[in-house]
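Try each task yourself before you look at its solution.

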Amino acid sequence: MANLKEIRNRITSVSSTMQITSAMKMVSAAKLKKAQDAITAMRPYAEKLTELLQDLSATLEGEIGGDYTTQREVKKVLLVAVTSNRGLCGAFNSNIIKEIKNRTDFYAGKQVDVFAIGKKGGDALVKTHKIHGHHNAIFDHLTFENVAGIADNLTEKFLSGEYDRIELVYNQFKNAATQIVQVEQFLPLAPISTDGASVSGDYIFEPGKEEIVLALIPKSLKTQLYKGIRDSFASEHGARMTAMHKATDNATALRNQLKLTYNKARQAAITSEILEIVGGAEALNG
(Lines give C-alpha, C1' and ligand atoms only; values in the text may rest on other atoms or scores of the structure.)
Protein backbone atom coordinates (compact mmCIF):
# COMPACT_ATOMS: atom_id res chain seq x y z
CA MET A 1 0.00 0.00 0.00
CA ALA A 2 1.27 3.48 -0.83
CA ASN A 3 2.40 5.58 2.12
CA LEU A 4 0.30 8.45 3.46
CA LYS A 5 2.36 11.17 1.79
CA GLU A 6 1.95 9.63 -1.66
CA ILE A 7 -1.81 9.30 -1.16
CA ARG A 8 -2.07 12.93 0.01
CA ASN A 9 -0.18 14.06 -3.08
CA ARG A 10 -2.52 12.08 -5.34
CA ILE A 11 -5.57 13.57 -3.60
CA THR A 12 -4.18 17.07 -4.15
CA SER A 13 -3.42 16.33 -7.81
CA VAL A 14 -6.88 14.88 -8.49
CA SER A 15 -8.55 17.81 -6.73
CA SER A 16 -6.63 20.27 -8.91
CA THR A 17 -7.62 18.37 -12.03
CA MET A 18 -11.25 18.37 -10.89
CA GLN A 19 -11.19 22.15 -10.49
CA ILE A 20 -9.78 22.58 -14.01
CA THR A 21 -12.31 20.27 -15.67
CA SER A 22 -15.17 21.88 -13.77
CA ALA A 23 -14.06 25.35 -14.90
CA MET A 24 -13.73 24.18 -18.51
CA LYS A 25 -17.22 22.70 -18.33
CA MET A 26 -18.69 26.02 -17.20
CA VAL A 27 -16.82 27.98 -19.89
CA SER A 28 -18.02 25.62 -22.63
CA ALA A 29 -21.57 25.76 -21.29
CA ALA A 30 -21.55 29.55 -21.53
CA LYS A 31 -20.16 29.51 -25.08
CA LEU A 32 -22.52 26.72 -26.13
CA LYS A 33 -25.65 28.81 -25.51
CA LYS A 34 -24.52 31.55 -27.90
CA ALA A 35 -23.28 29.10 -30.54
CA GLN A 36 -26.46 27.03 -30.31
CA ASP A 37 -28.67 30.09 -30.77
CA ALA A 38 -26.65 31.16 -33.81
CA ILE A 39 -26.87 27.83 -35.65
CA THR A 40 -30.53 27.28 -34.74
CA ALA A 41 -31.42 30.68 -36.16
CA MET A 42 -29.62 30.28 -39.50
CA ARG A 43 -30.14 26.57 -40.23
CA PRO A 44 -33.67 26.81 -41.74
CA TYR A 45 -32.61 29.64 -44.08
CA ALA A 46 -29.44 27.87 -45.20
CA GLU A 47 -31.16 24.55 -45.85
CA LYS A 48 -34.05 26.10 -47.77
CA LEU A 49 -31.76 28.26 -49.90
CA THR A 50 -29.59 25.26 -50.79
CA GLU A 51 -32.64 23.16 -51.61
CA LEU A 52 -34.14 25.84 -53.84
CA LEU A 53 -30.98 26.54 -55.80
CA GLN A 54 -30.15 22.86 -56.27
CA ASP A 55 -33.55 22.28 -57.79
CA LEU A 56 -33.43 25.48 -59.82
CA SER A 57 -29.99 24.68 -61.22
CA ALA A 58 -31.15 21.22 -62.25
CA THR A 59 -33.82 22.76 -64.50
CA LEU A 60 -31.39 24.99 -66.41
CA GLU A 61 -29.89 24.12 -69.75
CA GLY A 62 -26.99 25.65 -71.61
CA GLU A 63 -24.00 27.55 -70.28
CA ILE A 64 -25.70 29.59 -67.57
CA GLY A 65 -25.24 27.89 -64.20
CA GLY A 66 -23.50 24.97 -65.84
CA ASP A 67 -20.13 25.68 -64.26
CA TYR A 68 -21.52 24.95 -60.82
CA THR A 69 -23.50 21.88 -61.81
CA THR A 70 -21.14 20.21 -64.29
CA GLN A 71 -20.68 16.56 -63.37
CA ARG A 72 -17.13 15.68 -64.39
CA GLU A 73 -15.48 12.29 -64.12
CA VAL A 74 -14.22 12.16 -60.55
CA LYS A 75 -10.45 11.92 -60.56
CA LYS A 76 -9.47 14.50 -57.94
CA VAL A 77 -11.43 15.02 -54.72
CA LEU A 78 -11.02 17.67 -52.05
CA LEU A 79 -12.38 16.88 -48.58
CA VAL A 80 -12.99 19.89 -46.31
CA ALA A 81 -12.34 18.64 -42.75
CA VAL A 82 -13.86 20.91 -40.10
CA THR A 83 -12.38 20.18 -36.67
CA SER A 84 -11.38 22.29 -33.65
CA ASN A 85 -8.19 24.04 -32.62
CA ARG A 86 -8.22 22.50 -29.13
CA GLY A 87 -8.70 19.05 -27.71
CA LEU A 88 -10.37 17.76 -24.54
CA CYS A 89 -13.70 17.39 -26.35
CA GLY A 90 -14.15 13.63 -26.41
CA ALA A 91 -14.44 11.98 -29.83
CA PHE A 92 -15.34 15.24 -31.59
CA ASN A 93 -12.15 15.47 -33.67
CA SER A 94 -11.40 11.76 -33.96
CA ASN A 95 -14.81 11.13 -35.53
CA ILE A 96 -14.04 13.62 -38.32
CA ILE A 97 -10.58 12.15 -38.89
CA LYS A 98 -12.09 8.67 -39.05
CA GLU A 99 -14.71 9.81 -41.57
CA ILE A 100 -12.03 11.46 -43.74
CA LYS A 101 -10.22 8.13 -43.87
CA ASN A 102 -13.49 6.37 -44.75
CA ARG A 103 -14.10 8.81 -47.61
CA THR A 104 -10.53 8.29 -48.79
CA ASP A 105 -11.14 4.54 -48.94
CA PHE A 106 -14.40 5.21 -50.79
CA TYR A 107 -12.46 7.13 -53.45
CA ALA A 108 -9.72 4.51 -53.66
CA GLY A 109 -7.60 4.94 -56.78
CA LYS A 110 -8.35 8.65 -57.03
CA GLN A 111 -6.43 11.67 -55.78
CA VAL A 112 -7.91 12.71 -52.42
CA ASP A 113 -6.61 15.86 -50.71
CA VAL A 114 -7.74 17.63 -47.53
CA PHE A 115 -8.64 21.25 -46.91
CA ALA A 116 -8.19 21.64 -43.14
CA ILE A 117 -10.33 24.03 -41.10
CA GLY A 118 -9.16 23.56 -37.51
CA LYS A 119 -5.73 22.71 -36.11
CA LYS A 120 -6.50 19.23 -34.77
CA GLY A 121 -7.63 17.84 -38.11
CA GLY A 122 -4.74 19.36 -40.01
CA ASP A 123 -2.14 18.03 -37.55
CA ALA A 124 -3.55 14.50 -37.67
CA LEU A 125 -4.22 14.23 -41.40
CA VAL A 126 -0.97 15.78 -42.63
CA LYS A 127 0.64 12.37 -42.10
CA THR A 128 -1.63 10.64 -44.59
CA HIS A 129 -2.97 13.33 -46.93
CA LYS A 130 -1.89 16.38 -48.85
CA ILE A 131 -3.15 19.38 -46.89
CA HIS A 132 -4.29 22.53 -48.71
CA GLY A 133 -3.97 25.32 -46.16
CA HIS A 134 -4.56 25.53 -42.41
CA HIS A 135 -7.47 27.81 -41.55
CA ASN A 136 -7.11 27.77 -37.77
CA ALA A 137 -7.86 31.42 -36.99
CA ILE A 138 -11.38 31.32 -38.42
CA PHE A 139 -12.84 30.34 -35.04
CA ASP A 140 -11.39 33.43 -33.38
CA HIS A 141 -13.56 35.65 -35.58
CA LEU A 142 -16.30 33.40 -36.93
CA THR A 143 -18.21 35.74 -39.24
CA PHE A 144 -19.92 35.26 -42.59
CA GLU A 145 -17.41 37.61 -44.25
CA ASN A 146 -14.41 35.57 -43.08
CA VAL A 147 -16.00 32.28 -44.16
CA ALA A 148 -16.96 33.78 -47.53
CA GLY A 149 -13.29 34.12 -48.43
CA ILE A 150 -12.73 30.41 -47.79
CA ALA A 151 -15.83 29.52 -49.82
CA ASP A 152 -14.55 31.62 -52.74
CA ASN A 153 -11.24 29.75 -52.57
CA LEU A 154 -12.98 26.36 -52.66
CA THR A 155 -15.25 27.44 -55.51
CA GLU A 156 -12.28 28.59 -57.56
CA LYS A 157 -10.58 25.23 -57.07
CA PHE A 158 -13.62 23.53 -58.59
CA LEU A 159 -14.32 25.98 -61.41
CA SER A 160 -10.69 25.94 -62.52
CA GLY A 161 -10.79 22.14 -62.79
CA GLU A 162 -8.25 21.63 -60.02
CA TYR A 163 -10.75 19.29 -58.33
CA ASP A 164 -13.72 17.42 -59.74
CA ARG A 165 -15.61 17.15 -56.46
CA ILE A 166 -15.50 18.96 -53.12
CA GLU A 167 -17.15 17.58 -49.98
CA LEU A 168 -17.68 19.02 -46.50
CA VAL A 169 -17.08 16.76 -43.49
CA TYR A 170 -18.18 18.23 -40.17
CA ASN A 171 -20.08 17.55 -36.95
CA GLN A 172 -23.71 18.60 -37.04
CA PHE A 173 -25.04 19.88 -33.73
CA LYS A 174 -28.05 17.98 -32.36
CA ASN A 175 -27.72 18.64 -28.64
CA ALA A 176 -24.99 19.05 -26.06
CA ALA A 177 -24.43 15.30 -25.83
CA THR A 178 -24.92 14.33 -29.47
CA GLN A 179 -23.02 15.38 -32.59
CA ILE A 180 -23.68 13.73 -35.94
CA VAL A 181 -20.90 13.46 -38.53
CA GLN A 182 -22.15 14.88 -41.82
CA VAL A 183 -20.74 14.51 -45.34
CA GLU A 184 -22.18 17.11 -47.74
CA GLN A 185 -21.39 17.59 -51.40
CA PHE A 186 -20.24 21.18 -51.81
CA LEU A 187 -19.49 21.17 -55.54
CA PRO A 188 -20.79 20.35 -58.05
CA LEU A 189 -24.29 21.26 -56.97
CA ALA A 190 -26.35 18.09 -56.86
CA PRO A 191 -30.07 18.16 -57.78
CA ILE A 192 -32.37 17.01 -55.00
CA SER A 193 -34.84 14.18 -55.32
CA THR A 194 -38.40 15.47 -55.70
CA ASP A 195 -40.19 12.18 -56.48
CA GLY A 196 -41.32 13.47 -59.83
CA ALA A 197 -42.51 16.88 -58.58
CA SER A 198 -40.39 19.92 -59.24
CA VAL A 199 -39.83 22.15 -56.25
CA SER A 200 -39.31 25.08 -58.58
CA GLY A 201 -42.96 24.83 -59.64
CA ASP A 202 -43.95 26.39 -56.31
CA TYR A 203 -42.18 29.66 -57.07
CA ILE A 204 -42.50 32.56 -59.49
CA PHE A 205 -39.05 33.71 -60.58
CA GLU A 206 -38.34 37.37 -61.37
CA PRO A 207 -36.49 38.49 -63.40
CA GLY A 208 -35.70 34.89 -64.43
CA LYS A 209 -34.10 31.62 -63.40
CA GLU A 210 -30.76 32.34 -65.07
CA GLU A 211 -30.29 35.70 -63.37
CA ILE A 212 -31.21 34.25 -59.99
CA VAL A 213 -28.74 31.41 -60.40
CA LEU A 214 -25.90 33.73 -61.35
CA ALA A 215 -26.59 35.97 -58.37
CA LEU A 216 -27.46 33.47 -55.65
CA ILE A 217 -25.46 30.29 -56.24
CA PRO A 218 -22.19 31.85 -54.93
CA LYS A 219 -24.06 33.16 -51.90
CA SER A 220 -25.66 29.76 -51.36
CA LEU A 221 -22.25 28.08 -51.32
CA LYS A 222 -20.94 30.61 -48.80
CA THR A 223 -24.01 30.06 -46.64
CA GLN A 224 -23.62 26.28 -46.81
CA LEU A 225 -20.01 26.47 -45.65
CA TYR A 226 -20.84 29.01 -42.95
CA LYS A 227 -23.62 26.75 -41.65
CA GLY A 228 -21.26 23.76 -41.56
CA ILE A 229 -18.61 25.66 -39.61
CA ARG A 230 -21.25 27.11 -37.27
CA ASP A 231 -22.62 23.60 -36.69
CA SER A 232 -19.13 22.35 -35.92
CA PHE A 233 -18.46 25.27 -33.58
CA ALA A 234 -21.59 24.56 -31.54
CA SER A 235 -20.85 20.83 -31.57
CA GLU A 236 -17.34 21.45 -30.25
CA HIS A 237 -18.58 23.29 -27.17
CA GLY A 238 -21.29 20.70 -26.58
CA ALA A 239 -18.78 17.87 -26.85
CA ARG A 240 -16.30 19.62 -24.57
CA MET A 241 -18.96 20.43 -21.98
CA THR A 242 -20.06 16.78 -21.93
CA ALA A 243 -16.48 15.48 -21.82
CA MET A 244 -15.52 17.83 -18.97
CA HIS A 245 -18.68 16.90 -17.06
CA LYS A 246 -17.75 13.24 -17.26
CA ALA A 247 -14.13 14.03 -16.37
CA THR A 248 -15.25 15.99 -13.31
CA ASP A 249 -17.49 13.13 -12.18
CA ASN A 250 -14.64 10.63 -12.64
CA ALA A 251 -12.22 12.88 -10.75
CA THR A 252 -14.72 13.24 -7.91
CA ALA A 253 -15.15 9.47 -7.68
CA LEU A 254 -11.38 8.95 -7.76
CA ARG A 255 -10.81 11.59 -5.06
CA ASN A 256 -13.41 9.95 -2.81
CA GLN A 257 -11.77 6.56 -3.33
CA LEU A 258 -8.34 8.01 -2.52
CA LYS A 259 -9.69 9.64 0.64
CA LEU A 260 -11.13 6.30 1.73
CA THR A 261 -7.80 4.61 1.02
CA TYR A 262 -5.99 7.39 2.91
CA ASN A 263 -8.25 7.01 5.95
CA LYS A 264 -7.78 3.24 5.95
CA ALA A 265 -4.00 3.60 5.69
CA ARG A 266 -3.96 6.24 8.44
CA GLN A 267 -6.09 4.04 10.68
CA ALA A 268 -3.80 1.08 10.02
CA ALA A 269 -0.76 3.21 10.84
CA ILE A 270 -2.30 4.42 14.10
CA THR A 271 -3.29 0.88 15.06
CA SER A 272 0.23 -0.34 14.32
CA GLU A 273 1.73 2.40 16.50
CA ILE A 274 -0.63 1.55 19.37
CA LEU A 275 0.30 -2.12 19.12
CA GLU A 276 4.00 -1.24 19.20
CA ILE A 277 3.52 0.95 22.26
CA VAL A 278 1.49 -1.72 24.06
CA GLY A 279 3.99 -4.38 23.11
CA GLY A 280 6.88 -2.25 24.35
CA ALA A 281 5.10 -1.54 27.65
CA GLU A 282 4.41 -5.23 28.22
CA ALA A 283 8.04 -6.06 27.50
CA LEU A 284 9.18 -3.55 30.11
CA ASN A 285 6.72 -4.86 32.69
CA GLY A 286 7.78 -8.45 31.99
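The exercises below use a predicted model and go from the sheet to a single residue.

**Exercise 1. In which order do the strands of the open sheet lie, and which are the edge strands?**

Step 1: Recall that strands of a sheet pair through backbone hydrogen bonds, either parallel or antiparallel.
Step 2: Follow the pairing across the five strands, and you get the order 3-2-1-4-5, with mixed pairing.
Step 3: Look for strands that pair on one side only; these are strand 3 (131–134) and strand 5 (178–187).
Step 4: From one strand to the next, the twist averages 20 degrees.

**Exercise 2. In what sense do strand 1 and strand 2 pair, and which helices pack on the sheet?**

Step 1: Strand 1 (residues 76–82) and strand 2 (residues 111–117) are joined by seven bridges in the parallel sense.
Step 2: For an example of a bridge, take Leu 78, whose partner in strand 2 is Asp 113.

**Exercise 3. Does the span of helix 5 agree or disagree with 1.5 Å a residue?**

Step 1: Helix 5 (residues 144–159) has 16 residues, so at 1.5 Å a residue it should span 22 Å. The expected span is 1.5 Å times one less than the number of residues.
Step 2: The end C-alpha atoms of helix 5 are 22 Å apart, which agrees.
Step 3: Past the helix, find Gly 161, whose phi is positive, near 85 degrees.

**Exercise 4. What does Leu 154 touch, and which core does Leu 154 belong to?**

Step 1: Leu 154 is among the buried residues of helix 5.
Step 2: Leaving aside neighbours within four places in sequence, the contacts of Leu 154 include Leu 78, Val 80, Phe 115 and Leu 225.
Step 3: Leu 154 lies in the largest nonpolar core, which has 41 residues, and is one of those that touch the most other members.
Step 4: Helix 6 gives the largest share of this core, ten residues.

**Exercise 5. Is Ser 235 buried or exposed?**

Step 1: Locate Ser 235 in helix 6.
Step 2: The cut-off for buried is under 20% relative accessible area. Ser 235 has 0% relative accessibility, so Ser 235 counts as buried.
Step 3: Beyond four places in sequence, Ser 235 touches Phe 92, Asn 171, Gln 172, Phe 173 and Gln 179.

Note on methods: Residues are numbered from 1 along each chain as its sequence is written. This is a predicted model: local features need pLDDT of at least 70, side-chain atom pairs count only at pLDDT 80 or more; totals for chains, interfaces and linings use all residues. Side-chain values use heavy atoms; hydrogens and water are left out. Two strands pair if DSSP finds at least two bridges between them. Helices (H or I, at least four residues) and strands (E, at least two) are DSSP runs, numbered from the N terminus. Axes are lines fitted to C-alpha atoms, for helices over the stretch in contact, and angles run from 0 to 180 degrees between N-to-C directions. Buried means under 20% relative accessible area, exposed over 50%, partly exposed in between (1.4 Å probe, protein chains only). A nonpolar core is a set of buried Ala, Val, Leu, Ile, Met, Phe, Trp, Tyr and Cys residues joined through side-chain atoms within 4.5 Å. Contact means heavy atoms within 4.5 Å.
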